[in-house]
Amino acid sequence: MSRTDAVVLAGGLGRRMHPLTLDCPKPLLPVGPWTLMEHQVAALARAGVERIVLSTGYRHDDFEELVTALRAKGVDLTTVVEDSPLGTGGGLREALRSLPGADAVIVLNGDLLTGHDLAAQVDLLRAAPPTVIASVHVRTVPDARPYGSALVAGDGRITAFVEKSATPPSPTVNAGTYVVRPGLLLDAVPGTGVASLERDVFPGLAERGALLAHREDAYFLDVGSPAALVEATRDLLLAPWPGAAPTPRGEFLALPGADVAPDARLSAGTVVHPGARIGPGARLESAVVLAGARVDEGAEVVRSVVGRHARVGARSRVVDTALGSGQQVAPHTHLTDTVRPGA
């Protein structure tokens, strides 16, 4: 009997997301009213996943509250903890050891949002010859340099798998979602220590003809930076991807407990989180204002994240900026393309 399980790899330090991850693991950052991880759980449920293993490391205790809440909702969720970072291959190796019995396992990085058809990707692997160990979601992009690339033969086999390169061999890129046959993959991953799926495992599997491409040009976003968090939040409110956790659509969303002045102007996918205060005449455009933060009278926040309990002073202008927890911006200050760590 076939069964689909999933692994979410969430053990990384999230350095590209600083300062927001200095006091919060990246999968727990909010995209709208939900954490990144909750959007992933919603997508996995839609694909028929029965069990999920969450592989954590950095600030692993921070996950406890969400894990408890998801279990209370009926999600069959197990956690494993990396004592030190093991990479995507090492983290997956330890997680798979907690999933006996599944014939197919969906593997997601904890910062990935995708709208592609996960169930179809699972079916592709199940229909493939047993020599195929994994299917990889791929898509074509105009500039492949920020991504790993794949050479795909006419029969759908991936013949070469190359990590990020200044001269990528193909515009077809790795979109970051894998479906694996767990037992066979464990045989291909080093038994101990750090290992990268993308650098240490998949290139060899491609040479053996053991990787299959699932080609689908659906929504996907690596939420690895504050700018990407802003983009994901805007997309959720204005044009949500298939499988996103259900969220009201509109120009802005003020969550329960937020205090927004009647004449404040909020637009372009802005979200104000509980306990945050938006002052009179403030203008927020594609802004994420986290819990307990404050944007004072006449201030402007554009394509930026205001960290927890941070404050933007009156008539300041903050553009393309990330403010860490507790950070203070003095009145009449202009910040553009700035990262300020927490106070």
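Tutor: Two strands pair if DSSP finds at least two bridges between them. Keep that cut-off in mind for this predicted model.

Student: Okay, how do you know that strand 16 and strand 19 pair?

Tutor: Strand 16 and strand 19 (residues 283-285) share three bridges, in the parallel sense. The cut-off is at least two bridges, so they count as a pair. Leu266, for instance, stands opposite Leu284 in strand 19.

Student: What about strand 17 and strand 20, what makes them a pair?

Tutor: Strand 17 (residues 270-272) and strand 20 (residues 288-289) have two bridges, again parallel. At least two is what's asked, so they pair. Val271 has Val288 as its bridge partner in strand 20.

Student: Why are strand 16 and strand 28 said to stand at the edges of their sheet?

Tutor: That open sheet has five strands in the order 16-19-22-25-28, with parallel pairing. Strand 16 (265-267) and strand 28 (334-336) each have a single partner strand, so one side of each lacks a neighbour in the sheet.

Student: Now helix 2. What makes Leu66, Val67 and Leu70 "buried"?

Tutor: In helix 2 (residues 64-72), these three are buried, and that word means under 20% relative accessible area. What covers the buried residues includes strand 3 (34-35) and helix 1 (36-46).

How values were computed. Residues numbered from 1 in each chain as written. Predicted model: local features only at pLDDT ≥ 70, side-chain atom pairs only at ≥ 80, totals over all residues. Heavy atoms only, no water. Helix = DSSP H or I, 4+ residues; strand = E, 2+ residues; numbered from the N terminus. Buried < 20%, exposed > 50% of the residue type's maximum accessible area, 1.4 Å probe, protein only. Contact = heavy atoms within 4.5 Å.
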